[in-house]
Amino acid sequence: MLSRKNLEILVAAQKRLYCTFPELPSFEQRWDFETDGVIQALLTRLGDNDPYFHPRYAGHMSGYVCDVAVMSYFLAMQFNPNNHSYDGGRATTKMEVECLDSMARMLDWNHYQGHLTSGGTIGNLEALWIHRALGANTVICSKGAHFTHKRAANILDLKYLEVDVTKDGSLCSIALSGVLAALEATDVPVVVCTLGTTLNGAIDPLDEIFSLKAEHDFKVHVDAAYGGYFYLIRARLAGRNRKAFDFLPAADSIVIDPHKHGLQGFGCGALLLRGVSESTSQAIYTHDSPYTYFDRRGISIGEKTLECSRPGAAAAALWATMQCLPLEEEGEFSRVLLSCHTAAVKMSELLFAVDDVRLVVREPALDIVVFYIECADISAATRQLYEQLKASGFYVAMADCDISSETGVFREVSCIRLTLMKKEHLAMVDELADQIIRLSKCIADEYRSQYQAL
Ligand SMILES: Cc1ncc(COP(=O)(O)O)c(C=O)c1O
């Protein structure tokens with residue numbers, strides 16, 4: 001929630017906004033309806049949400065929107081710039097370019113094409129669309145990849161092949177090697193790798209995947225929608241994950257979502273492409289839009305995007321955020337990411353020490369922890385824990401996972417999923433862990449006594 005101090009700054013900024021075009025007659029909208037009543041009704045309706053913005057919320061990948069982004073979006077939205085064409089959103093187009101330049105600099109990419117998208121799904125779809133235009137006809141994904149890749153392949157009429165994952169949920173490079181070896185002569189593959197899977201933040205072994213290029217020819221698209229920013233703190237991650245991140249700049253295309261770990265509101269993804277020549281790009285994106293681009297003094301980003309209208313306000317919010325929190329390895333933004341990772345490592349250690357609790361993966365790759373209560377009905381116990389945590393003011397999520405039993409047989413059960421993506425989560429790990437452990441013990445005891453009573 002916007003701090004009171006920033007609300008005051010916003011009110012002062014709004015006063016200045018009224019004076020933006022002094023040469024024009026002053027203008028404020030006038031309508032025949034009153035807004036007060038409906039705004040009160042809206043606030044009531046908004047209460048019917050979980051508190052995604054609060055540190056007590058550790059469920060889905062829903063962080064808070066940082067104040068500067070809220071303020072910038074609110075101010076820029078009143079201009080309603082459209083970053084499709086230069087003349088439709090001149091100021092915010094420049095901001096978008098600066099944001100993408102910073103992201104490319106983070107990756108040490110000197111030559112790139114890139115833009116904001118409405119999110120990861122569209123960014124990934126657009127990347128595959130480009131790969132298809134460059135000749136790919138087959139998409140290879142791990143079973144842990146986001147479900148929308150299959151959908152994108154379907155939309156683009158591309159062959160879709162799935163690769164098994166290892167125990168930690170990351171792509172198995174041995175299985176990938178088998179899939180590549182079994183390709184038909186006409187298949188031209190693009191391998192989609194995920195840095196930060198949706199289920200548990202697993203990191204596909206990019207280093208091993210790139211080593212397969214010695215034998216097989218393929219392009220690499222990295223879906224780093226969730227994990228991309230962790231590139232900044234790769235030196236602080238477990239060795240094999242650091243190695244994977246080291247290869248991120250070698251990818252042909254990358255998606256990173258500012259609306260996941262970039263402190264932005266939903267509707268802000270980013271796609272970066274490398275090695276697409278100007279002429280190829282023109283051939284892919286060229287379209288006839290005689291009514292759109294009449295100011296040629298700057299670039300119209302929409303001439304090279306899949307989507308047409310895109311909110312300039314999203315670019316303004318991201319730009320302002322990146323002014324405050326630049327993408328620096330030793331900066332404040334990196335410290336936020338490190339806090340989240342540290343919180344997850346600490347949470348895993350605390351839960352690992354408890355007899356009744358089982359971690360699905362022992363060490364979190366990024367900041368997501370998935371676990372369950374070992375008992376006769378794991379899924380029912382998960383539901384109970386989820387509800388009891390909620391009743392005590394802690395909001396978590398649930399996820400279905402394959403777990404192996406003592407006999408080595410895999411089965412799918414519901415687990416608790418914690419996404420510790422707010423910097424404040426580190427300070428509340430002990431409190432949340434205490435609550436989880438206390439409730440888990442009670443639930444496990446209940447199942448034990450039911451079993452003994454039989
Ligand atoms: C790894 C990954 N890729 C892609 C997506 C889809 O992104 P979006 O929801 O922004 O469309 C998600 C969403 O959670 C994701 O976790």
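View 1. The side chain of aspartate 223 places an N or O atom 2.6 Å from a nitrogen atom of the ligand. Histidine 259 has a side-chain N or O atom 2.7 Å from an oxygen atom of the ligand. Glycine 120 uses the backbone: one of its N or O atoms lies 2.8 Å from a ligand oxygen atom. In total, 14 residues surround the ligand, each with a heavy atom within 4 Å of it. The closest are Gly120, Thr121, Thr198, Asp223 and His259.

The model is predicted: local features need pLDDT of at least 70, side-chain atom pairs count only at pLDDT 80 or more, and totals for chains, interfaces and linings use all residues. Residues are numbered from 1 along each chain as its sequence is written, and side-chain values use heavy atoms, without hydrogens and water.

**View 2. Helix H1 against helix H3.** H1 spans residues 4-17 and H3 spans residues 67-77. Helices are DSSP runs (H or I, at least four residues), numbered from the N terminus. The axes, lines fitted to C-alpha atoms over the stretch in contact, come within 11 Å and cross at roughly 20° (scale 0 to 180 degrees between N-to-C directions). H1 is therefore roughly parallel to H3 (angle under 35 degrees). Contact (heavy atoms within 4.5 Å) involves Asn6, Ile9, Leu10, Ala13, Gln14 and Leu17 of H1 with Asp67, Met71, Phe74 and Leu75 of H3. These residues divide into 7 nonpolar, 2 polar and 1 charged.

**View 3. Helix H3 against helix H12.** H12 covers residues 312-324. The axes of H3 and H12 come within 8 Å and cross at roughly 145°. From H3, Val68, Ala69, Ser72, Tyr73, Ala76 and Met77 take part. They meet Ala313, Ala314, Ala316, Ala317, Ala320, Thr321 and Cys324 of H12. The contact has 11 nonpolar, 2 polar and no charged residues.

Technical notes: Helix = DSSP H or I, 4+ residues; strand = E, 2+ residues; numbered from the N terminus. Parallel < 35°, antiparallel > 145°, perpendicular 65-115°, else oblique. Nonpolar A, V, L, I, M, F, W, Y, C, P; charged D, E, K, R; others polar. Polar contact = N/O pair within 3.5 Å; in protein donor to acceptor, adjacent residues only side chain to side chain.
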